Amino acid sequence: MSDELLKLRNEIDRLDEEILVRLSERARCAQRVGEVKQGKPPFYRPEREAQVLRRLAELNQGPLPADSVKTIFREIMSACLGLEHPQRVAYLGPAGTFSESASRKQFGSAPGFMPMATIEDVFRAVEAGNVDYGVVPVENSTEGAVNITLDLLLASPVKVCGEVRLRIHQQLMSRADGIGAAKRLYSHAQSLAQCHEWLNRNLPHLPRIPVASNAEAARLASEDAESCAIAGEAAAQLYGLNILAPNIEDNPNNTTRFLVIANHDAGPSGSDRTSLVFSAPNRPGAIHALLEPLARHGVDMTKLQSRPAQSGLWEYVFYADINGHRDDAEVAAALAELANRAAFLKVLGSYPIAAI
């Protein structure tokens, strides 16, 4: 070993020890925060974490990229929060799904993660207080809205307190080392749709079998060497499968947006989004009249989507996302006018725009 290499390794060891000392100091501060709160929830404050991550990304001068810095500090905050109060997070299972990956991206590795059989079960677990938070998919950039999530947001008393954006990379996997022996392909219907063109070009004659989740597809493939699956990398690792073809999604920018639900929403972070659902009175120009206050108060609307209401035939509700927190003056003014004009209005929650 050269003298220069030995010197660099010794310096790394010294820095690691210094980092450890600082981490312990930070952890003790987190414990003290828990004591000051005197056991009063919520312990997890999405707006505070978003502010910390944005600030560190702005301070970062490299060579680590900003996303790496955010990921590292997300894990630090996750571990420290666990000292205050162990978090319980429900997600659409089973283990190995993209919903689990989104949950870990948002909360780090420290919480107890609880897979649920359905999105309805995630909502019920949060409502009942059996978990602190739930993570549910709400829309995909290729396949559109997850309608069951929209319907449950309308019916449930839970609040939206955060969002996660997860780039979806679909992997072709199998126990075998090659695709030649495959006689069937398992995957979730949405993933099959996201890889439709790739499959038509490369595996046009292979039977495609939809199953309840990508993780279930990976499990089935792990039990049969003549089967393959499309799922995420986490599922391949969980079930010990070989990735035969990586990133086979037709759209390289394929992204799913998840919402974090709880019995509270979030305070202002400085870069926020508010989700709401409303209905319009049945008269000409009603939708224009409802949206006019947003434009007049300078509130940017990023999404507007209609969905059949449960109240009757040919009746609709409208889901909207707007930039800003409901406590911001211009947003509050616009929402107050909207409430006076709408037949129905429910603010689903204000929360930080995804920081990672």
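**Exercises on loops, a buried arginine and packed helices**

D250 has a relative accessibility of 33% and therefore counts as partly exposed, a class that lies between buried (under 20% relative accessible area) and exposed (over 50%), with a 1.4 Å probe and protein chains only. The model is predicted, so that local features need pLDDT of at least 70 and side-chain atom pairs count only at pLDDT 80 or more, whereas totals for chains, interfaces and linings use all residues. Residues are numbered from 1 along each chain as its sequence is written, and side-chain values use heavy atoms, leaving out hydrogens and water.

**Exercise 1.** Find where D250 is placed and which residues D250 touches beyond four places in sequence.

*Solution.* Begin with the position: D250 belongs to the loop that runs between strand β10 (242-245) and strand β11, where strands are DSSP runs of E with at least two residues, helices are runs of H or I with at least four, and both are numbered from the N terminus. Next, leave out the residues up to four places away in sequence, and D250 is found to touch A193, Q194, C195, H196, E197 and W198, a touch or contact being heavy atoms within 4.5 Å. For E197, which is 53 residues away along the chain, the C-alpha atom is separated from that of D250 by 6.3 Å. Finally, look at H196, whose backbone nitrogen is reached by the side chain of D250 at 3.0 Å.

**Exercise 2.** Decide whether R257 is buried or exposed, and identify the side chain that R257 joins in a polar contact.

*Solution.* First locate R257, which sits in strand β11 (residues 255-262). The relative accessibility of R257 is 3%, and R257 is therefore buried. The side chain of R257 then meets that of D321 in a polar contact of 3.0 Å (N or O atoms within 3.5 Å, within protein one able to donate a hydrogen and the other to accept it; residues adjacent in sequence count only if both atoms are side-chain atoms). Setting aside neighbours within four places in sequence, the contacts of R257 include V136, E163, R165, R273, K303 and Y351, as well as D321.

**Exercise 3.** Describe how helix α3 packs against α1 and against α2.

*Solution.* Start with α1 (residues 3-37), which packs with α3 (residues 66-84) at an angle of about 40°, the axes being 8 Å apart; axes are lines fitted to C-alpha atoms over the stretch in contact, and angles run from 0 to 180 degrees between N-to-C directions. Among the residues that make this contact are L23, A27 and A30 of α1 and I76, M77 and C80 of α3. Then turn to α2 (residues 46-59), which packs with α3 at about 145°, with 9 Å between the axes. Here the contact includes V52, L53 and L56 of α2 together with V69, F73 and M77 of α3.
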